[in-house]
Amino acid sequence: MAKKKLYSLLVGIDKYHPVTKVNPLSGCVNDISNFRSFLWSTYKKTFDLKPEVMLRNDEATYENVVKNLGDGHLGKAAPGDSVLFYFSGHGTQEPAAKAFKPLAPNGLNEALICYDSGKQGNFCLADKELRILLHDLQQKGVHLTVIFDCCHSGSATRGFDDGQLGKPRQFFFENQVERPFETYLNGYFSTNYADGFAGGLPLAEHILLAACDRGEKAYELTSQRGLFSLNLLRALEADPGASYADVYARCRSGMFRTSETQHPQFEPHAGFNPYQRFLGAPGDLQKTRFYTLAPDSKGDWAVNCGAVHGMPTDAGKPATFEVMEEKAEKVLGVASSESVGFQKTVLKLEGGLQLDGEKTYSAQLRSLPVPPVAVALKTDEAGAKRYQVFQQKLAQLDLEKLDEVTPKTILRPPVYFELVEGLQGGKYALEIAADVVEIKETATQRLLRRIEGDDDDKIFACAFDVLEHVCQWEKTLALQNRSTH
């Protein structure tokens, strides 16, 4: 039996065309070289890996990248094949053509800087162009994975155990002018969307693995590796047969222990199942929990999971569920979260889905859990013992009953934050000693709350309540748009 083919396009740019004056980087070629070595050492018995193209530095011109994203390479994939596009280099924003205003109200493209982008007459690879190129690929019936280690904007972060942070993978060209509409994909948009974008742009079924969200910078290390690429590779090496969801959790955890200001993004689009194996490798789907879907007391369709399970709590980023018959044998349609409670989520049935109000159904989550805010946990020997006893009590809580009570003195598991031992970054810290619990702002060591006493249930309930309010506020600040394009 012939092996499944993996068509890969690996692009790494450290040195840009001298005319463009784009700041050089040092870890991008290393990122794709190390990832290629991982592919060949891990998946050579799983995939036919020969359909590969690596574009380094001056090979990665705009024309060459677009050609290889299309019929020059990835476009040759057949139904059932896997396709990987990995870009490591600079990201940017640029003024978009006025015709794109319905798609980009802020007037900007998010874009990848190719080797010759910025040279007279040459442009970056804009998000709108990528959307068309990826959709054309996915229409072939392939498994599509996209990895970006680049950034657009954000703030600084802290050190890393493999070296100090170096440059951000971000560059802005000076004196930019609006890009002419006819230059996008060699006239594709001016030909096919001359009458506007009333129907929007097609969206490929794919998953995007990105170094950070659009409000942050993606850094590389002085050890000449990308911070994200290194953690991603470590997560994959730990379990090459893992699902995207597992890889996401491991990658996020690794970055949490260093910094809380660069968040990796794993974004499944157009129904992509993040619980299948990385690159669509053969094997069973990761088993995920089925929730019960039934009408609530108000007659709304609701599932028995909520914020405590990692459900997104902002309306701008709803979770997606597959709705099935009660025994989970047949998929009936999809639904998205409309309002999220602590233990319950009200769903909106999509695509004309009709359900019988006298029946109960099964629902399986098809979105990745929203990461909580990382809070550093610091203890001395006595404090560690106190927290260990407290953790045992948390594990014994009846979560179903918690949704029925509201007093702040009730002990609850954290929803908006996660305590991380050994976290060097993070904006806040919970410090536990023998006779006192303190919440501090890490950077300034400013004391936010000091709680004394010997009733640990009330003390930790109070501390968690404070942290929940603080971290919910932090997440609210990020809700403007916590995902990339």
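Is aspartate 284 buried or exposed? Aspartate 284 is exposed, at 68% relative accessible area. Here, buried means under 20% relative accessible area, exposed means over 50%, and partly exposed is in between, with a 1.4 Å probe and protein chains only.

Before going on, a word on the model. This is a predicted model, where local features need pLDDT of at least 70, side-chain atom pairs count only at pLDDT 80 or more, and totals for chains, interfaces and linings use all residues. Residues are numbered from 1 along each chain as its sequence is written, and side-chain values use heavy atoms, with hydrogens and water left out.

Now the overall picture. The protein has 485 residues, and 53% are buried. It holds 9 helices and 23 strands. Helices (H or I, at least four residues) and strands (E, at least two) are DSSP runs, numbered from the N terminus. Take the contacts with a separation of 6 or more: 73% of them join residues 24 or more positions apart. Contact means heavy atoms within 4.5 Å.

Back to aspartate 284. Aspartate 284 sits in the loop between β12 (265–269) and β13 (290–295). Serine 243 is 41 residues away from aspartate 284 in sequence, yet their C-alpha atoms are 9.8 Å apart.

Next, two helix pairs. Start with α1 (residues 28–43) and α5 (residues 227–238). They pack at an angle of about 10 degrees, and their axes are 10 Å apart. Axes are lines fitted to C-alpha atoms, for helices over the stretch in contact, and angles run from 0 to 180 degrees between N-to-C directions. So α1 is roughly parallel to α5. The cut-offs: under 35 degrees is roughly parallel, over 145 roughly antiparallel, 65 to 115 roughly perpendicular, and the rest oblique. Who meets whom? From α1 come Asp31, Asn34, Phe35 and Phe38; from α5 come Ser229, Leu233, Leu236 and Glu237. By class, that contact has 4 nonpolar, 2 polar and 2 charged residues. Nonpolar covers Ala, Val, Leu, Ile, Met, Phe, Trp, Tyr, Cys and Pro; charged covers Asp, Glu, Lys and Arg; the others, Gly among them, are polar.

The second pair is α2 (residues 62–69) with α3 (residues 127–138). Their angle is about 25 degrees, with axes 10 Å apart. That makes α2 roughly parallel to α3. Tyr62, Val66 and Leu69 of α2 meet Glu129, Leu130, Leu133 and Leu137 of α3. This contact divides into 6 nonpolar, no polar and 1 charged.

On to the loop between β1 (4–12) and α1. Threonine 20 is placed there. Threonine 20 is buried, at 7% relative accessible area. Leaving aside neighbours within four places in sequence, threonine 20 is in contact with Tyr115, Asp116, Ser117, Gly118, Lys119 and Phe173. Lysine 21 is found in the loop between β1 and α1 too. But lysine 21 counts as exposed, at 67% relative accessibility.

Lysine 21 also has a backbone feature to point out. Its phi is positive, near 60 degrees, and it is not a glycine. Most residues other than glycine have a negative phi. Leucine 185 has a positive phi too, of about 50 degrees. Leucine 185 lies in the loop between β9 (165–168) and α4 (188–192). Leucine 185 is buried, at 12%.

Now the second largest pocket. Its volume is about 440 Å³. How is that defined? On a 1 Å grid over the protein atoms alone, a pocket is an open set of points where a 1.4 Å probe fits, with protein on both sides within 12 Å along at least five of seven lines; lining residues have an atom within 4 Å of a point. Grid points are joined across faces, edges and corners, and a volume is the space filled by probe spheres set on the points. The lining has 19 residues, and Gly118, Phe173, Glu174, Asn175 and Gln176 lie nearest the centre. By class, the lining holds 7 nonpolar, 7 polar and 5 charged. Gly118 and Phe173 are also among the contacts of threonine 20.

Last, two buried residues. Leucine 201 is in the loop between α4 and β10 (206–210), and is buried at 10%. Beyond four places in sequence, leucine 201 touches Leu103, Lys128, Arg131, Ile132, Phe189 and Tyr193. Tyrosine 361 is in strand β18 (residues 361–365), and is buried at 9%. Valine 303 is 58 residues from tyrosine 361 in sequence, and 9.3 Å from it in space, C-alpha to C-alpha.
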